[in-house]
There are 2 protein chains.
Amino acid sequence: MSSYNTSNLNKVIRGSNRATYDIETVNTILDDGFIGYVSYVYDGTPISIPMAYGKIGDKIYLHGSLKNRMLLSILDNKKVSITVMHLDGLVLARSAFHHSVNYRSVTLFGDAVKVEDENVKRTALKCIVDQMIEGRWNTLRPMTDKEFNATLVIEVPIQTASAKVRAEGAIDEKSDLELPIWAGVVPMKQVALAPESDNLLNPNTHVPKHVLEYCEEHKD
Amino acid sequence: MSSYNTSNLNKVIRGSNRATYDIETVNTILDDGFIGYVSYVYDGTPISIPMAYGKIGDKIYLHGSLKNRMLLSILDNKKVSITVMHLDGLVLARSAFHHSVNYRSVTLFGDAVKVEDENVKRTALKCIVDQMIEGRWNTLRPMTDKEFNATLVIEVPIQTASAKVRAEGAIDEKSDLELPIWAGVVPMKQVALAPESDNLLNPNTHVPKHVLEYCEEHKD
């Protein structure tokens, strides 16, 4: 299987020319992020909350306190969706109507389950930290049993998903092209600035390789 | 009134020490963005979609095609919430448990209504473009009646909201402070790169002041 099946749930209607159900595209977009907007329903009102996620294969992992309202609520409702978007540019056209943004986004759907298996839970927690910044977990003080037991981990198997990608310039009306109005793209990027070391660092400590590499990969 | 009232809907339980209901803080966070994650329910599944928004006073405006499934769905359901978040940094602690991010976020709640008044609709559309990049609307080819009529505009009065802000370093266990593990913050920022002009520009056109100013304000 190289594409997700489409249904009324994940089929993109508006701007369907930019939609794809290709699993590799979905994976690449998810691998490029670490914060997803997780949606749930509270008392009839849909709410989405940005959360760190980890990804192993076609499974997404979320974590939080045992008392986290959203996590408990999605375990109750089971049906969950998560949206991840990277903003790549402002698309400035000659008319307001054709303004847009360049972006890569995924919305995925699955039935949430609590992770009970201790090995899977441990692997998921490692994966959430390393999704934020690769290589970090192995440098850390090991997790205590108390921390482990105080953390709820939820698995969301990607049952279906859609991606949308826009990566081009302004598309104006032909009749507008000769107008003396500037059009183009302002590329946008989320960048990392120089790391700021903690004031209380052990003096034998230096900024580690995984942090320097992250900053190098995410510079302007 | 300088703060939003709290109820079960908007009261922040987890990390409540970082929560505020202060209207000025909420406004500043919303003013600093232009994309919000709008949540709706489709066939029992909550979904959130990133959308451009405009803001006039305590009202949020969304727009889209007359056939936009999400917009029609939130008009049906009325109850809508929108989440806006700015990522400001990775907070890298000495233990996995204390990893976090620095951010400013708002979740707002309101009852969506379709904008019928033509003047309000026109002002809302201007505001959505200018929220993305201030000063742009007045430089554009004026909206045609056809474009105006093909666009659905929805108003969401902010009935209540909450903000969360984290803006500090790693907070580790005291017993971890002497460990030879690097901790600190990697500041993150969404930046604008140099504008890329459209290939078909009228040759008398230069990158306008509002674009240059935007890039200057959003540089590394």
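Copies are superposed by least squares on the C-alpha atoms of residues with pLDDT of at least 70 in both. The model is predicted. Chain B goes onto chain A by a turn of 180° and a shift of 0.0 Å along the axis, with an RMSD of 0.0 Å. The two copies are thus related as by a two-fold rotation axis.

**Axis and interface**
- B:Gln190 comes closest to the rotation axis among the residues of chain B, with its C-alpha at 2.1 Å.
- The same surface serves both copies, since 100% of the contact residues of chain B recur in chain A.

**Aromatic pair**
- Over all chains, the structure holds 1 aromatic pair.
- A:Tyr37 and B:Tyr37 form this stacked pair, at 3.4 Å centre to centre and 5° between the planes.
- The pair crosses between chains: A:Tyr37 lies in strand E2 (residues 35-42) of chain A, and B:Tyr37 in strand E2 (residues 35-42) of chain B.
- Both A:Tyr37 and B:Tyr37 are buried.

**Charges over rings**
- In chain A, the charged end of A:Arg69 sits over the ring of A:Tyr42, 3.7 Å from the ring centre.
- In chain B, the charged end of B:Lys121 sits over the ring of B:Phe148, 4.4 Å from the ring centre.

**Around B:Thr160**
- B:Thr160 belongs to strand E10 (residues 160-166) of chain B.
- B:Thr160 counts as buried because its relative accessibility is 11%, and buried means under 20%.
- The side chains of B:Thr160 and B:Asn10 are joined by a polar contact of 2.8 Å.
- Leaving aside neighbours within four places in sequence, B:Thr160 is in contact with residues including B:Tyr4, B:Asn5, B:Thr107, B:Leu108 and B:Phe109.

Technical notes:
Residues numbered from 1 in each chain as written. Chains lettered and ligands numbered in written order. Predicted model: local features only at pLDDT ≥ 70, side-chain atom pairs only at ≥ 80, totals over all residues. Heavy atoms only, no water. Contact = heavy atoms within 4.5 Å. Helix = DSSP H or I, 4+ residues; strand = E, 2+ residues; numbered from the N terminus. Buried < 20%, exposed > 50% of the residue type's maximum accessible area, 1.4 Å probe, protein only. Polar contact = N/O pair within 3.5 Å; in protein donor to acceptor, adjacent residues only side chain to side chain. Phe/Tyr/Trp six-rings, centres within 6.5 Å; stacked < 30°, edge-to-face > 60°. Lys NZ or Arg CZ within 6 Å of the ring centre and 35° of its normal.
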